[in-house]
Amino acid sequence: MLTPNLTVSSEGHLCIGGADTVSLARTYGTPLYVMDENMIRENCRGYARVIAEEYGGRGLICYASKALSCKELYRIVDSEGLGADVISGGEIYTALQAGMPAEKLVMHGNSKSNAELQMAVSNDIGRIVCDNLPELRRLDQIAGEAGKIVNIMLRIKPGIDAHTHDFVKTGQIDSKFGFAIETGEAMQAVQAVGLCKNLRLVGLHCHIGSQILDTEPFAEAARVMIGFMNQIRDALLITLPELNLGGGPGIRYTEEDDPKPFGEIVRAILSALKNVCAELDYPEPFVLFEPGRSIVGGAGLTLYTVMAKKVIPAVRTYVLTDGGMCDNPRYALYRSRYEALIANKADQPRSENVTIGGKCCESGDLIGEDMPLQAAEEDDILAVLATGAYNYSMASNYNRNPRAEIVMVKDGVARTVVKRETYADIIRNDI
């Protein structure tokens, strides 16, 4: 099993957080997202514990909403003392409706609309991470019209190779995000903030990518960022008090993946940060981290019903499900690999190699190819593991399929936290 919260019952059924997945599928229907609340909470506590032990609590963990955004998840992370990283007006609205304190929200985005900036300013969002010079000018004007001084950070590209998929690399010079140090535009951005009457620069932000399995890229990013903050101090006599090092720690999607534990990653980052601060005699900043996938990814799975098995002799075997790219587009986008098993045959060997196909009208609508799986039959329950991040949040109504339900499991008891969409929901905005 990929994660310790997955077990097999005496009946041979897959269980998550003490709940029988076959029973969940029969009760709630499929496709069905299932999340383990206890694992989410333990992951939140693990991050906070490292900050407390290694850095005297001088930091804030901000859950990266893009991994999975819903009201109940915000309630959970808030109750664990975390803040949240929000990208859009929709994520801001959801977090606030769930009761998240606005001052613990950090707003991101490389192309924020005026309406989103106005929403952030009017709700007193704690920090807005600015991405480009036009945004600085627009935000300064919006803040001035509101009669407010807004705390901002600048998103910096530290030029780090994150050793991950090209689509989720964000810290290199050729990226749509942020200001590059190498070109001088990052320093120009710092100087530009000085000309803004309604913006207060409190720190810098960087994010080098996602699904990173090692510690060194993160540690190097910390060293580069403190070095740049020191350059700012030397050139402009400004000592910035905060550093946001983003997120990106990977999880175990397959048996071959070997991610470093997130505690080890944060310790390596803090060690590198403290060392370079000591070398440069720079005050250790208040640090922010923005993990998402590593909090919810392994805590979730998706259940499907097997609709058919199609054997093409000497070519491949398809196992066709009642879901697909509309509830998990990551294979179609990134060729992301997963582990799957037949939930009602979890005690049996995965003796076949199959391609798992979905119901959408696309040849590329696959969850995976050449995947080991138990011998599948019609009406079996298929479980795809480690789908807690970037599945529901990237889901769509393609082919007018309703988005699936999310149930949260705690100590073997399940409850709905996001209702299954209906056909009426799909046409609600049609005229």
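1. Cys206 has a relative accessibility of 1%, so this residue counts as buried. The model is a predicted one, and the remarks here should be read as remarks on a prediction.

2. Cys206 takes part in no disulfide. Its nearest cysteine sulfur belongs to Cys277 and lies 13 Å away, whereas a disulfide needs two sulfur atoms within 2.5 Å. By that rule, the count of disulfides is zero.

3. Cys15 is another buried cysteine, with a relative accessible area of 9%. The cut-off for buried is under 20%.

4. How many aromatic pairs does a search of the whole structure find? The search gives three. One of them joins Tyr47 and Phe262, with ring centres 4.3 Å apart and planes at 15°. Stacked pairs have planes under 30 degrees apart, so the Tyr47 and Phe262 pair is stacked.

5. The Tyr47 and Phe262 pair links distant parts of the chain. Tyr47 belongs to helix α2 (residues 37-55) and Phe262 to helix α9 (residues 262-280), and 215 residues separate the two. Tyr47 is buried, at 2% relative accessibility.

6. Tyr253 and Tyr338 also pair, with ring centres 5.4 Å apart. Their planes stand at 80°, so this pair is edge-to-face; the cut-off for that class is over 60 degrees.

7. Where in the chain are Tyr253 and Tyr338? Both are in loops: Tyr253 between β12 (242-244) and α9, and Tyr338 between α11 (330-334) and β16 (340-342). They are 85 residues apart, and the pair links distant parts of the chain. Tyr253 and Tyr338 are both buried.

8. A contact of another kind involves Arg58 and Tyr55. The charged end of Arg58 sits over the ring of Tyr55, at 3.9 Å from the ring centre.

9. Strands β1, β2 and β3 form an open sheet, in that order, and the pairing is antiparallel. In general, strands of a sheet pair through backbone hydrogen bonds. Here β1 (6-8) and β3 (19-20) stand at the edges with a single partner strand each, so one side of each has no neighbour in the sheet.

10. Strand β2 covers residues 14-16 and is joined to β1 by three bridges, the two strands running antiparallel. Across this pairing, Val8 stands opposite Leu14 of β2.

Notes:
Residues are numbered from 1 along each chain as its sequence is written. This is a predicted model: local features need pLDDT of at least 70, side-chain atom pairs count only at pLDDT 80 or more; totals for chains, interfaces and linings use all residues. Side-chain values use heavy atoms; hydrogens and water are left out. Rings of Phe, Tyr and Trp (its six-membered ring) pair if their centres lie within 6.5 Å; planes under 30 degrees apart count as stacked, over 60 as edge-to-face and the rest as tilted. Helices (H or I, at least four residues) and strands (E, at least two) are DSSP runs, numbered from the N terminus. Buried means under 20% relative accessible area, exposed over 50%, partly exposed in between (1.4 Å probe, protein chains only). A charge sits over a ring if NZ of Lys or CZ of Arg is within 6 Å of the ring centre and within 35 degrees of the ring normal. Two strands pair if DSSP finds at least two bridges between them.
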